[in-house]
Amino acid sequence: MKILITGGAGFIGSNFVRYWIKHYPKDEIVVLDKLTYAGNLENLADVKDRISFVKGDICDEAAADKAMAKADMVVHFAAESHNDRAIMDPDVFVRTNVFGTHVLLKAALRRKVKRFHHISTDEVFGDLPLNSKIKWNEASPYNPRSPYAASKAGSDHLVRAFYHTYGLPVTITNCTNNFGPFMFPEKFLPLAITNLLEGKKIPIYGNGRQVRDWLYVDDHCSAIDLVLHKGKIGDTYLVGSEHREYANLEVAKILAKIMGEGEDCIEFVKDRPGHDQKYSINAQKIQTELGWKPKHEFKEWLEITVDWYKNNKSWWQRVKSGEYQKYYTLQYKNR
Ligand code: NAD
Ligand code: DAU
């Protein structure tokens, strides 16, 4: 079987490539990735001989069409993925996440792929009050509140439109916050870990009471695998950790302890505009219908992730040089 993985040089995409090679060693894998600031061939260095890598933009019809030739399945990760960057410059989010997905969907129709799986986020459902007991499910209404979330919501709608209108065999997963190796150090956990390793502080937006649900990246990969093999065409599956949800400040304290630091390594900085307070997922459908269960407990796998960053300093030090410095200064200078 031939599988096209878009965005395979990014964080989750590269972990998924590795997962797929391990579980389906006979499959042919093509990765289509533009190698934006977030894409990095070093993320695929250990598997480079097992894949065909195509540098290309999902917004480019010819590149999308060519990469999809003879593909049985498409797993679509490619996206602009960081909320703070979307606040600074939303244009590229609309271009890549909405238009790029549209271009891929058209190519998938032309190429008659047997499955187009779209990777999406729980952020499309919006924001829950901190004291809310609500957990979103597949029937929850869309209510995105940030440019990133709105662009992902737009892409989800297009994917469903191609299913209903043209019969394209699609599935969607909407997942909570992932963590693990190769996560770009602009996101909270890798930024906090690498800052501590550099002797800097953990910046906490606002009061740090915002709640996220953290899922180890391999659990996300196994959920996608199950949906690809057993999921119902046209259906959406929500993916969440089932562990306790954590406030950002609590996570920062856990991390400080793991890394042998006191709580004075935490600094409060200006809040993110429109900061969503809480995300919460009910993952009953994928659990009961497909038998998925997350296997990685948060604190244990956070420690393992910290070790990965300790052992892969050259990876993140390279990533944190150059363009990253400009971004970091712009994002954190007056906070
Ligand atoms: P990432 O930013 O680490 O990687 C994105 C990848 O897409 C990069 O390799 C980048 O080069 C590539 N890309 C960007 N624009 C492209 C374009 N125009 N053409 C081709 N390639 C392009 O992102 P991630 O955190 O790995 O997220 C992957 C997917 O999972 C995204 O769709 C994101 O919305 C979704 N998601 C992420 C999380 C999370 O916690 N990180 C949670 C739920 C869903
Ligand atoms: O919920 C899924 C989403 O999770 C994905 O769709 C996104 O691609 C992914 O980036 C993530 O979005 P968040 O905005 O939740 O992740 P981030 O790591 O940017 O922030 C996590 C929380 O930490 C959030 O409440 C903001 C806060 N934060 C973040 C940064 C970067 C801080 O307090 N300080 C920081 O410096």
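Buried means under 20% relative accessible area, exposed means over 50%, and partly exposed lies in between, with a 1.4 Å probe and the protein chains only. The views below show a predicted model, in which local features need pLDDT of at least 70 and side-chain atom pairs count only at pLDDT 80 or more, while totals for chains, interfaces and linings use all residues. Residues are numbered from 1 along each chain as its sequence is written, chains are lettered from A and ligands numbered from 1 in the order in which they are written, and side-chain values use heavy atoms, with hydrogens and water left out.

**View 1. The residues around ligand 1.** A residue belongs here if one of its heavy atoms lies within 4 Å of the molecule. Of the 29 residues around ligand 1, those that come nearest are I12, D33, S81, Y148 and K152. Sorted by class, the shell holds twelve nonpolar, twelve polar and five charged residues, where Ala, Val, Leu, Ile, Met, Phe, Trp, Tyr, Cys and Pro count as nonpolar, Asp, Glu, Lys and Arg as charged, and the others, Gly among them, as polar. At least two shell residues each come from α1 (11-23), β5 (115-121), α5 (147-166) and β7 (177-179), and β5 gives the most, with three residues. Helices (H or I, at least four residues) and strands (E, at least two) are DSSP runs, numbered from the N terminus.

**View 2. Polar atoms facing ligand 1.** A polar contact is a pair of N or O atoms within 3.5 Å; within protein, one must be able to donate a hydrogen and the other to accept it, and residues adjacent in sequence count only if both atoms are side-chain atoms. A nitrogen atom of ligand 1 lies 2.9 Å from a polar side-chain atom of D57. Polar backbone atoms take part as well, that of F77 being 2.9 Å from an oxygen atom of the ligand, and that of G39 being 3.5 Å from an oxygen atom of the ligand. Taken alone, ligand 1 exposes 830 Å², and the protein buries 97% of that, with accessible areas coming from the Shrake-Rupley method with a 1.4 Å probe and, for residues, only the protein chains shown counting as cover.

**View 3. The salt bridge between E28 and K2.** A salt bridge is a side-chain nitrogen of Lys or Arg within 4 Å of a carboxyl oxygen of Asp or Glu, and a search of the whole structure finds 23 of them. The side chains of E28 and K2 form one, at 4.0 Å from N to O. Because E28 lies in strand β2 (residues 28-33) and K2 in strand β1 (residues 2-6), the pair ties together parts that are 26 residues apart in sequence. E28 counts as partly exposed, at 41% relative accessibility, whereas K2 is buried, with a relative accessible area of 16%.

**View 4. The salt bridge between R318 and E42.** In this pair the closest N and O atoms are 2.8 Å apart. Distant parts of the chain are linked, with R318 in helix α11 (residues 313-319) and E42 in the loop between β2 and β3 (51-55), 276 residues apart.

**View 5. The salt bridge between E323 and R85.** Here the closest N and O atoms are 3.2 Å apart. E323 lies in helix α12 (residues 323-332) and R85 in helix α3 (residues 83-88), so the pair ties together parts that are 238 residues apart in sequence. R85 is buried, with a relative accessible area of 10%.
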